[in-house]
Amino acid sequence: MDNVIIAENLSLSYKENETIISKATFSIEAGNFVFITGASGSGKSTLLKSFYGAIGPRQGQLTVGGTKMNRISASKLNFLRRHIGIVFQDYKLIKEWTIEKNVMLPLIISGYTGNVSGSQVQKLLGHVKLTHQAGKYPQELSGGEQQRVAMARALAHNPILILADEPTGNLDDYSSSVIWNLLEGANTQLKTTVIVVTHHIPEGLTIAYKHYHIEFGTINEIA
Amino acid sequence: MKSLKNHISLIIALFTVLASVQIYVAVDRSIAAYESHLKNDYSVIVVASKSLTPVELKAMSPMIDRSESISTAQVLERLKGEMSPKNLELLKLTLPKFYRLYLNRFPTPDEITQLQKRLERNRAIERVEGFSQTHDTVYKLMLLFKDVVQIFSIAIATVTSLLILKEMRLWQFQHAQRMNIMALFGAPVWLRSAVLFRLAIVDAIIATVILCLAFFVINHYGYLTMQLREIGINVQLFNFVDDAIRSLVIALSVSIALTLTIVLVNHEEE
């Protein structure tokens, strides 16, 4: 099976003389469900950011979806991001837009017409149990509901890769279970690669997953 | 409320640019109308030792539109009682010919000097009188006024453009969150910045409409038009088709060009 992510001696840092991730070498196969764990400040979110090009490799090579991330051009990065769904811990919903339009965002960017994107959005809002909230604005929803909207948005354009940064960090049990079910569903039914950064791997998962742990800047696969 | 304040800032800035351009256009138009008024009144008097045909006179300079002979009969009639018929007949033969030359446009002082020299080069012409002194003073004042308005308009346009740039920078900060989120999902720079362009276009249209309304009010009350008419200038200060279209094009060009500058500078910084 093809690798969606290939890292070779990958080092990441925000400043010249610091190291967050040091010379990491690993690969993630297409269709995998991967957990990346680690203590606070261990660099798991930074690693996830490097997968969607928010931070570039300081040293080494990183390839995501066949695209080399070293000195990537803006147009190539945009193209890559149009095939990735991202779920952030702080949701990152556009507060001036309705829930429906927020979910539609990746489809608008990909140039889908109103009818196609409208039916897809309705379907996804149904999956996250928020159909009745479609016309509301993010600030009118609870944190759990906002994260479910973010989850629907991440799935809207059928991405090849879903990146989730602490997706259930501050959520109630119901919202957490909706999100895990959607991530599992995307992985098992659509064969979407899912990478989740989290402090704790949830119990009761029914799918097989890989687990990487970050400690002192090194990434180790946990058997 | 905050958004309205931001809109008003840009609309006022754009309106100022448009108003300064329109004032310059109106002054230019007034001067052109005044030139036409002067041209109709203005003529050059030529004293010639022999008869000259209108064709001969017109051939002396392309500036000459037409000519007419000034009759000497009135002068001779007055002298009838004071001179003998024989002397009168002799005077009639030796009296020079007078011509009034009308020009196809109002000349500048330099052009009058050139024309005088050109006419005097002809051996038949004894004297040329320009009478331009009085007209020159008003005309020069109007040209000075036009130059001052032009400099003033350029200064206003520069300062307000800088203000618009600053305003758009604020807009960009206001919409930064939305633009960043869109960037995370791969939106190209033009799509991320669409909101800025939309605001710029809407405000350009509003500024143009306000300018049209302002000039409609000025035209409606007619005080300025009346004042100009009193000094012989009959001019339309604002043409509701041509001027409105030009103003809209200027407002859109300024706002879109400045938005583009902000977007491109920000893109470079990224």
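A residue is called buried here if 20 or more other C-beta atoms lie within 10 Å of its own, exposed if 12 or fewer do, and partly exposed in between, with C-beta atoms placed from the backbone. The model on display is predicted; local features need a pLDDT of at least 70, side-chain atom pairs count only at pLDDT 80 or more, and totals for chains, interfaces and linings use all residues. Residues are numbered from 1 along each chain as its sequence is written, while chains are lettered from A and ligands numbered from 1 in the order in which they are written.

**Overview**

Begin with the complex as a whole, to which the predictor gives an ipTM of 0.89 and a pTM of 0.69. The average for chain B is 85, and 96% of its residues score at least 70.

Next, display chain A as a cartoon; it has six helices and ten strands. Helices (H or I, at least four residues) and strands (E, at least two) are DSSP runs, numbered from the N terminus. Of the 223 residues in chain A, 42% are buried. Two residues are in contact if their C-beta atoms, placed from the backbone, lie within 7 Å. Among the contacts in chain A with a separation of 6 or more, 69% are between residues 24 or more positions apart.

**First stop: the four-stranded sheet of chain A**

Select β1, β2, β4 and β5 of chain A. These strands form an open sheet in the order β2-β1-β4-β5, with antiparallel pairing. Strands β2 and β5 (67–68) of chain A are at the edges with a single partner strand each, so one side of each lacks a neighbour in the sheet. Two strands count as paired if DSSP finds at least two bridges between them.

Now centre on strand β1 (residues 3–12) of chain A, which is joined to the antiparallel strand β2 (residues 21–29) of chain A by six bridges. Here A:Ile6 stands opposite A:Ser27, and A:Ala7 stands opposite A:Phe26. β1(A) also pairs with strand β4 (residues 59–64) of chain A, over five bridges and in the antiparallel sense. In that pairing A:Ile5 is opposite A:Val64.

**Second stop: helix α1 of chain A**

Select residues 44–51 of chain A. Six of the eight residues of helix α1 are buried, so the helix is largely enclosed by the rest of the structure. The buried residues are A:Lys44, A:Ser45, A:Leu47, A:Leu48, A:Ser50 and A:Phe51. After α1(A) comes A:Gly53, with a positive phi near 80 degrees.

Select β6, β7, β8, β3, β9 and β10 of chain A. They form an open sheet in that order, with mixed pairing. Its edges are β6 (84–87) and β10 (218–222) of chain A; each has a single partner strand, so one side of each is left without a neighbour in the sheet. From one strand to the next, the twist averages 20 degrees. Within this sheet, strand β3 (residues 33–38) of chain A pairs with strand β8 (residues 193–197) of chain A in the parallel sense, over four bridges. A:Val34 has A:Ile195 in β8(A) as its bridge partner.

Axes are lines fitted to C-alpha atoms, for helices over the stretch in contact, and angles run from 0 to 180 degrees between N-to-C directions. Show side chains for the contact, which includes A:Met151 and A:Leu155 of α5(A) and A:Ile179 and A:Leu182 of α6(A).

Move to chain B and select B:Pro107, in the loop between β3 (97–103) and α5 (109–120) of chain B. B:Pro107 is buried, with 24 other C-beta atoms within 10 Å. Not counting residues up to four places away in sequence, B:Pro107 touches B:Met63, B:Ile112 and B:Leu115. B:Lys39 is 68 residues from B:Pro107 in sequence and 8.1 Å from it in space, C-alpha to C-alpha.

**Last stop: the interface**

Finally, display both chains together. Their contact takes twelve residues from chain A and nine residues from chain B. On the chain B side, helix α7 (residues 176–184) gives the most, with four residues.

Note on methods: pLDDT is the predictor's confidence in each residue, from 0 to 100.
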